[in-house]
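Please open the structure in your viewer and keep the selection tool at hand.

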Amino acid sequence: MKKFLLFIFLLPLMVLAQQTADLVKITDMYKMKQMSAISLSPDGKHAAFVLNSIEPEGNNKWEYKYTNQLYLVAADGSSSPRALTYKESASQPVWSPDGKKIAFVRAVDGKPQIFFLSLEGGEPVQITKFRYGASSPQFSPDGSQLLFSASVSLADLLKDKELNPTAAVPKWPAEKPGFEQNQFLQPNKALPNPDGTTEEIRAYLELNVAEKKAKVINKLNFQEEATTSGDQSFSHLFVVAAEAGSMPKAITQGFHRFGGASFTPDGKQIVFTGNNDNTQHPDRALESQVFIVNADGSGMKQLLGATGKSYTSPSISPSGKWLAVQVGTVSFVNVPELAVMALNGTAADLVMLPFDRNKGGLTWSKDEQHIYFTAQSNGGAPIFRINVKTKKSEQLTSIDEGISNFSMKADKLVFVKTAVANPFELYTTDLNGKNEKRISSFNYDWVSKKQLSFPEKRTFKNEKGLTVEYWIMKPANYIAGKKYPTILNIHGGPSAMWGPGESSMWHEFQYYAAKGYAIVYGNPRGSGGYGEEFLRANVNDWGAGPTSDVLTSVDLATKEGFIDTSRLAVTGGSYAGYLVAWIISHDQRFKAACAQRGVYDLGTFFGEGNAWRLVPNYFGGYPWEEKTRPTLFRESPINYVDKIHTPFIIFHGENDLRTGVIQSEMLYKSLKVLGRTVEYVRHPGGTHELTRTGNNRQRVDQMLRTIEFFDRFIKH
């Protein structure tokens, strides 16, 4: 009897120990491995791919670095993946047509160069030693040549005899004040002398720029991700014999940018995208055209192009007869259309294939009856295919999972899949999406030992009649009948999309659930993955409408009985940082809030952020225009800062130029002047991508600071 009573007494402790033994930890982030750039061999028997890992850096136990290496796996899963490269990072693998070697890219002296790796053994062999570097390699169909792209600076292009044989200057205006016809770009042969002639003074000033004593900016797009620059660069295409020591030959020329290139199946021509407008500065020319050129660089002609149109993602059918392409507008608040035409056709011959989602990875089936692609849709990113003749589409993989990358050969699809049960793994199916099989275990082994929280999908209709989807995640140690603190987590973009198939939040969601929080997240109006009407539903309405959607999801989730409405927190980054500030200035239900890398004043954001085109695209004009100024004032959270009383932590990377740090400085300083409860955290060197690809110690720091701040005001 005593033993039985002891067992009854110990049972709750045993259950509790079992529940807490394998919760997701913050440092589990270091275990996550991600696969990308899958490339199936010509016979479809093997797949090469890139594996991204996080590894200790040096002797500092707190620092971790990213590494990228090439791996090989049997496409049917009959053998485990094995590493092909070590030490220096490697990327962009492509197979030779005979399947005997793989070309890939590796940095040499700070520039990307192409290497060959023989599958018969031996060390990688460097093929290109090109002064501009070499990226995006592709073999010609007979394997004798490589097609690649390279970035060339304006200074180099002006004096490059192959890319600029006539020593010309751009025909489009370079926008240097006080100079006509770009004559200032002609070489200045004077010696630097600050006390000399005008030409000698100009030479001295040019020297200061070259030696980084000054930045001279005349271009419109001068803000990069982490710094500003007045430099211009241009992407050009080259071919080179597929053997070491060969000299590349330019396929494109001039002061333009080209990319997205591929050989036609007969190897005689190359199809690519670009913009060769000679009338507009490249920063102002937003259109994209499709071109075709002979493999020797002769006979270049435009296949598709029109004012206000963007033609992208050209994909040639296996026979070379057909071309698939996406057709959009220069505004990115739209869903590009999928179209096909004869390769020798014109825009009038385009046949539209309806599919109201953003599409990626266009790939023709061998019989040319279908085009395969991935598309973010309703919380996932499945593989779809569309019948070219009937125009009917099919979903081949689950809507609750995300396919980030795939390759198709013979009778196989091999892809990287994200699911709640596993953040990244390789899978194979047949061409109908059937007979799925996992062929890697990079994350499977450690994740399978963890207690995970699985999201439950819900929907409602908002006042516009749009169906809004949201998900509820219970704490990992959920006990029925108990109420839990809850985090409303909002996505950025504003056109991003979250759901069970989205990979970037996998660890953060599971970590918060492991810390005892319930999580509510969803896709308010303006999100991607629901078609163009839904995408454009927040035009001229960044604040009130999306706020209504995310707060309705919290209200409905609360009715399920396990959410403690006295312990609510809200967080989000980028556009979601904006929305967090908007919400807490209009609603007082949250006990703590966190905004990361946000936008708070749309007028200054136009000048400060490199994503400034969001302003005219969403609000129809510029801050100085009478018609636009009232809208920007109405939609800027900074103008409601006096209504914020929620304890608030604000994050920004010090080198974030996508949104700009002045945004967070304004918000923080205003709240401090008002005497509100606010904390401001800056991450030195951090960019807008800090939480995704930034310094790993800073990624952990931001997540820990967020949960620690919430814990101060939301007692468990």
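In this tour, contact means heavy atoms within 4.5 Å, and helices are DSSP runs of H or I with at least four residues, numbered from the N terminus. The model is predicted, so local features need pLDDT of at least 70 and side-chain atom pairs count only at pLDDT 80 or more, while totals for chains, interfaces and linings use all residues. Residues are numbered from 1 along each chain as its sequence is written, and side-chain values use heavy atoms, with hydrogens and water left out.

Begin by selecting helix α5, residues 506–514, together with helix α14, residues 696–713. Where do the two meet? H507, E508, Y511 and Y512 of α5 are in contact with M703, L704, T706 and I707 of α14.

Next, colour α5 by burial, where buried means under 20% relative accessible area with a 1.4 Å probe and protein chains only. Nine of the nine residues of α5 are buried, so this helix is largely enclosed by the rest of the structure. Just after α5, select G516, which takes a positive phi of about 95 degrees.

Select its lining, which includes A419, V420, P455, M473, W506, F509 and Q510. The largest share of this lining, three residues, comes from α5.

Terms used
Axes fitted to C-alpha atoms, helices over the stretch in contact; angles between N-to-C directions. 1 Å grid on protein atoms, 1.4 Å probe; cavity = no way out; pocket = protein on both sides within 12 Å on 5 of 7 lines; lining within 4 Å. Buried < 20%, exposed > 50% of the residue type's maximum accessible area, 1.4 Å probe, protein only.
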